[in-house]
Amino acid sequence: ACLSVLSALMPEIVITIDKTTGAIKIEGDNFEGKSCDAAMAPFENAFGNAVVRTNKPEYSQKIKKVQRA
């Protein structure tokens, strides 16, 4: 059970290709702010103009810094 909770919080990239149109959707989940840019760049470069980018609301959020005691 702990593993499923942990993996739900880790950033991941999901790539979906529409069988009919060939449209490619690349989606970043569980990223904070613009931290997904570096992770998504290799995929966006590989697929080129076939990818249309749409940023989620989280993209505009500031990254929260966590202070440790």
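**The largest pocket and its setting**

Mentor: Of the 69 residues in the protein chain, 14% count as buried (under 20% relative accessible area; exposed is over 50% and partly exposed in between, with a 1.4 Å probe and protein chains only). This is a predicted model, in which local features need pLDDT of at least 70 and side-chain atom pairs pLDDT 80 or more, while totals for chains, interfaces and linings use all residues. Residues are numbered from 1 along each chain as its sequence is written, and side-chain values use heavy atoms, without hydrogens or water.

The chain has 2 helices and 2 strands (DSSP runs of H or I, at least four residues, and of E, at least two). Read from the N terminus, their order is α-β-β-α.

The largest pocket holds about 400 Å³ of space. A pocket is an open set of points on a 1 Å grid where a 1.4 Å probe fits, with protein on both sides within 12 Å along at least five of seven lines, and lining residues have an atom within 4 Å of a point. Its volume is the space filled by probe spheres set on the points. To your question: I26, G28, T54, N55 and K56 lie nearest the centre, out of 20 lining residues. Two elements, β2 (24-29) and α2 (36-47), each give two or more residues to this lining. The largest share comes from β2, with 6 residues. Sorted by class, the lining comprises 8 nonpolar, 5 polar and 7 charged residues; here Asp, Glu, Lys and Arg are charged, Ala, Val, Leu, Ile, Met, Phe, Trp, Tyr, Cys and Pro nonpolar, and the others, Gly among them, polar.

The residue range of β2 (24-29) also takes in the two partners of a salt bridge, K25 and E27, whose closest N and O atoms are 3.8 Å apart.

N30 is partly exposed, at 39% relative accessible area.

Technical notes: A salt bridge is a side-chain nitrogen of Lys or Arg within 4 Å of a carboxyl oxygen of Asp or Glu.
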